[in-house]
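Here are my notes on the model, point by point. Please read them with the structure open.

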Amino acid sequence: MSKYQVEAKPFTFDFELKKTALVIVDMQRDFCEFGGFGEALGNDITPTKSIIPTVRKILDAAREADMFIVHTREGHRPDMSDVPKAKMRRFNSIGEVGPMGRILIRGEYGHDIVDELKPLKGEVVLDKPGKGAFYQTDLHSILQNKQIESLIVCGVTTHVCVHTTIREANDRGYECLMIEDGTAAFDPRDQEAAIRMINQQNGIFGWTTTSDKLLKILKK
Ligand code: TIU
């Protein structure tokens with residue numbers, strides 16, 4: 001059993017390789033490229049785009065270590081029958097045609113994961129209709145079947161889908177390590193607050209660390 005210890009906040013994060021999954025949240029063109037959902041919401045997507053190389057380094061190290069890998073995508077069915085009225089009322093760009101196809105719709109170019117982080121055969125690609133990766137998906141049963149106990153979490157956006165996913169995971173008994181520079185929010189204030197909200201109060205939702213600390217121990 002390969003056991004690892006990463007320097008983290010609020011204290012060292014211990015994990016067993018075979019019981020750990022790398023979860024990459026919503027690194028889709030819709031959030032990381034121009035003309036997608038992120039921009040339609042009035043955001044500058046520079047921060048989300050800028051973490052792609054860091055997430056790629058973590059993904060490469062996880063692949064090298066033979067870690068279980070899950071990629072998530074937020075999006076909806078083409079007929080939009082799974083979009084709650086309450087979501088549509090506030091985000092009526094969903095389903096509109098943009099430069100990358102219909103915004104946040106499964107099967108469209110903009111909905112897919114950026115080229116640099118393209119999933120490999122055998123890695124789980126999980127489509128989710130909400131912000132959290134556990135809501136209306138089979139993620140919990142997949143992780144249970146694989147005997148996963150710990151999650152290393154990267155992706156976008158930190159305060160929205162990453163946070164919701166970590167909160168859902170924490171309540172289900174998983175220990176979560178969020179990578180501070182492997183996640184991004186559109187606004188640096190949200191990034192800072194989101195990191196603190198995970199590791200505060202002795203790790204109320206989990207642990208946080210930086211990519212260099214994780215990569216250092218994964219490459220040993
Ligand atoms: N708007 C925003 O910050 N995020 C989302 O809508 N989805 C995800 O975080 N993936």
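1. Lys131 sits over the face of Phe91, at 5.9 Å from the ring centre. The model is a predicted one.

2. The residues surrounding the ligand are Asp26, Phe31, Phe37, Leu41, Glu74, Lys131, Val156, Thr157, His159, Val160, Cys161 and Phe186.

3. Glu74 places a polar side-chain atom 2.8 Å from a ligand nitrogen atom. For Thr157, an N or O atom of the side chain lies 2.8 Å from an oxygen atom of the ligand. The ligand taken alone exposes 290 Å², and the protein buries 92% of that.

4. Is Asp26 buried or exposed? Its relative accessibility is 0%, so Asp26 counts as buried. Its side chain also joins that of Lys128 in a polar contact of 2.7 Å.

5. Glu33 lies in the loop between α1 and α2, the latter spanning 37–40. Its relative accessibility is 18%. The cut-off for buried is under 20%, so Glu33 counts as buried at that value. A polar contact of 2.8 Å links the side chains of Glu33 and Lys49.

6. Now the aromatic pairs. The count comes to 7. One of them joins Tyr4 and Phe15, and this pair is stacked: the centres are 5.3 Å apart and the planes make an angle of 20°. The pair links distant parts of the chain. Tyr4 is in strand β1 (residues 3–6), Phe15 is in strand β2 (residues 13–16), and 11 residues separate them. Both Tyr4 and Phe15 are buried.

7. Phe11 and Trp207 also form an aromatic pair, this one edge-to-face, with 5.4 Å centre to centre and 80° between the planes. What parts of the chain does the pair link? Phe11 is in the loop between β1 and β2, Trp207 is in strand β10 (residues 207–209), and they are 196 residues apart. Phe11 is partly exposed, at a relative accessible area of 40%. Trp207 has 12% relative accessibility and so counts as buried.

8. Tyr4, Phe11, Phe13, Phe15 and Trp207 make up one aromatic cluster.

9. Phe15 leads on to the nonpolar core. The largest such core has 43 residues. Those with the most contacts inside it are Phe15, Leu22, Met27, Leu177, Leu214 and Leu218. In soluble globular proteins, nonpolar side chains tend to be buried together.

10. Which elements supply this core? At least two residues each come from β1, β2, β3 (20–25), α1 (29–32), α4 (52–64), β8 (150–156), β9 (175–184) and α9 (211–218). The most comes from α4, which gives 6 residues.

Note on methods
Residues are numbered from 1 along each chain as its sequence is written. This is a predicted model: local features need pLDDT of at least 70, side-chain atom pairs count only at pLDDT 80 or more; totals for chains, interfaces and linings use all residues. Side-chain values use heavy atoms; hydrogens and water are left out. Rings of Phe, Tyr and Trp (its six-membered ring) pair if their centres lie within 6.5 Å; planes under 30 degrees apart count as stacked, over 60 as edge-to-face and the rest as tilted. Helices (H or I, at least four residues) and strands (E, at least two) are DSSP runs, numbered from the N terminus. Buried means under 20% relative accessible area, exposed over 50%, partly exposed in between (1.4 Å probe, protein chains only). A charge sits over a ring if NZ of Lys or CZ of Arg is within 6 Å of the ring centre and within 35 degrees of the ring normal. A residue is near a molecule or strand if one of its heavy atoms lies within 4 Å of it. A polar contact is a pair of N or O atoms within 3.5 Å; within protein, one must be able to donate a hydrogen and the other to accept it, and residues adjacent in sequence count only if both atoms are side-chain atoms. Accessible areas come from the Shrake-Rupley method with a 1.4 Å probe; for residues, only the protein chains shown count as cover. A nonpolar core is a set of buried Ala, Val, Leu, Ile, Met, Phe, Trp, Tyr and Cys residues joined through side-chain atoms within 4.5 Å.
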